[in-house]
Amino acid sequence: MSFADLAIALGGLGLLLLGMQMLTDGLRAAAGSHLQSFLERTTQTRLRAAISGFTVTAIVQSSSAVVVALLGFTNAGMLKLRQAAWVVFGSNVGTTMTAWIVALIGLKLNIAVIAWPLIGLGMLTRLVKQNSIAAHIGTAVAGFGVLFVGLDTLREAFTQLVPLLPVAQLEVSGVGGVLLAVLAGVILTALVQSSSAALAIVLTASATGVFSPLAGAAVVIGANIGTTVTALLAAIGATAHAKRLAAVHVVMNALTGAVALLLLVPLWWVSAWLSGGNDVANISAGLAVFHTLFNVLGLGLMRLIDNRLFSRVESWYKLPPIRSGQPRFLDKTVLQVPAMGIAAAQQEQQRVLRQYIMRLRTFLRDSEDDVSHVEDIATGELLEHIYRYISKLGEQNLTGAEALALAQLHSNHGRLVDLRQLVEAFKAASPELLDASLNHQWRAQLLAFLNGADMATRSDAEWQQGVQQIQQSRQQQRQQWLQQIAADQLAPTRGAQLVQLASKWERSAELVKALQVGS
């Protein structure tokens with residue numbers, strides 16, 4: 001093999017990875033929030049969630065991208081762990097479509113007839129339909145074409161490689177050889193950050209005689225395990241939600257790989273029989289069958305142990321308490337899809353609002369249980385996390401609707417900061433002065449207004465009516481204090497303090513209403 005052949009092989013690998021990236025990015029951007037609504041509708045049962053994972057991965061051609069998106073959905077509270085996990089299980093089966101595309105289309109048809117028109121049509125669509133869903137679809141179509149060009153280039157390069165690397169050198173023998181081949185698959189997938197791309201490379205190499213059948217099968221197992229590396233990297237420094245789903249993904253793929261290794265020989269025998277034998281021409285199809293068989297077996301295994309697995313990972317990674325200053329929904333995984341990042345930030349802002357509502361109710365009840373200084377610091381810390389996060393969201397490529405939602409997040413953040421200052425003012429006031437600023441009627445109105453039991457179902461009109469009642473009561477109380485000051489029944493300084501506190505109670509109600517209605 002000359003330097004030119006090596007350069008062509010490297011270029012083919014680059015085109016393959018570029019095509020995968022364009023396909024994944026284009027479809028993910030085109031889906032946007034539609035992917036969220038699709039998964040919410042189709043993940044109510046195990047079977048439907050698995051079918052959803054299979055479908056999305058078969059279209060996007062990257063289980064890693066799907067898993068990272070699911071990490072974001074679980075972080076943002078859009079999907080529960082059990083729903084997301086079964087989408088991941090189905091996603092593993094969905095990766096088999098890559099093998100079938102490569103085996104039945106990419107290695108058998110005239111690439112030029114398919115690839116170049118796809119690239120031209122996709123890029124033309126992107127140029128003509130800029131800043132639209134059609135532009136993202138054009139990117140995906142062009143990526144599909146680039147992927148096929150990369151496959152064809154790799155096939156030609158591997159054909160030149162075969163005389164220098166005889167098949168006998170790459171045959172597996174014994175447990176050590178099998179484990180070495182599995183490790184090679186793990187490393188390959190970790191390097192290219194895509195099990196689909198790794199499978200395409202392995203099948204292309206096998207079709208040109210680089211790998212023996214069992215060696216190729218062992219490398220495919222390793223590639224299946226190696227796809228968890230992306231999820232593990234995405235979960236580093238992430239929230240407990242992301243770590244739980246990443247742990248489920250790792251355990252599932254590890255157990256599936258272990259079963260495939262134990263049944264390596266009989267599974268390959270069945271695969272070879274179904275694909276027509278062990279001839280080099282049939283190896284790629286045989287590996288596609290093998291990959292499908294052991295992933296379907298893995299899906300059945302998860303059906304037997306899923307509840308125990310979910311309970312175990314939930315015990316490994318605990319969520320921070322509701323009053324903790326650590327985010328429960330924000331991390332880097334949800335930044336990749338702005339719709340998810342916006343939903344996650346909304347969830348965190350609601351956490352802060354619930355804390356302030358609890359504190360306001362504590363003051364209204366004249367309870368001796370003071371809100372601790374630690375909680376105050378935690379609330380401020382959480383607000384800082386949220387502000388930095390929505391600032392990063394502003395750096396993403398947003399649609400018009402997403403930009404409006406981000407503007408609302410910034411408005412709500414300002415309201416939460418104002419509400420925090422009001423809570424601090426109530427805390428600084430003496431209990432006697434705080435009690436004097438509220439008559440019985442007004443206290444009852446405020447407690448009813450801040451009743452968390454019916455906040456979620458309260459209509460905008462009901463919120464507005466509640467604020468108006470509080471404003472009227474404040475005006476009546478203010479007028480009474482002014483009359484007492486004029487009659488020398490109330491000291492002017494104390495009267496001013498009471499009027500100011502009453503205004504703060506009214507402002508608190510207005511902020512809570514704005515935050516609830518605008519959320």
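A residue is called buried when its relative accessible area is under 20%, exposed when that area is over 50%, and partly exposed in between (1.4 Å probe, protein chains only). By this scale Arg494 is partly exposed, with a relative accessible area of 26%.

The structure is a predicted model, in which local features need pLDDT of at least 70 and side-chain atom pairs count only at pLDDT 80 or more, while totals for chains, interfaces and linings use all residues. Residues are numbered from 1 along each chain as its sequence is written, and side-chain values use heavy atoms, with hydrogens and water left out.

For the protein chain, the mean pLDDT (the predictor's confidence in each residue, from 0 to 100) is 78, and 75% of the residues reach 70 or more. Below 50 falls the stretch 162-170, which has 12 contacts in the model beyond near neighbours in sequence; a contact means heavy atoms within 4.5 Å. The pLDDT is also below 50 over residues 367-375, a stretch with 10 such contacts.

The protein chain has 22 helices and 0 strands. These elements are DSSP runs numbered from the N terminus, with helices (H or I) of at least four residues and strands (E) of at least two. Of the 519 residues in the chain, 50% are buried. Among contacts between residues at least 6 apart in sequence, 81% join residues at least 24 apart.

A search of the whole structure finds 8 salt bridges, each defined by a side-chain nitrogen of Lys or Arg within 4 Å of a carboxyl oxygen of Asp or Glu. One of them joins Asp306 to Arg46, with the closest N and O atoms 2.6 Å apart. This pair links distant parts of the chain, since Asp306 belongs to helix 15 (residues 280-316) and Arg46 to helix 3 (residues 46-60), 260 residues apart. Asp306 is buried at 2% relative accessibility, whereas Arg46 is partly exposed at 29%.

Arg494 takes part in another salt bridge, with Glu432, where the closest N and O atoms are 2.5 Å apart. Because Glu432 lies in helix 19 (residues 431-436) and Arg494 in helix 22 (residues 492-517), the pair ties together parts that are 62 residues apart in sequence. Glu432 is partly exposed, at 48% relative accessibility.

Helix 22 also holds Glu510 and Arg507, which are 3 residues apart and therefore separated by about one helical turn. Their side chains meet in a salt bridge of 3.6 Å, N to O. Glu510 is partly exposed at 24% relative accessibility, and Arg507 is partly exposed at 36%.
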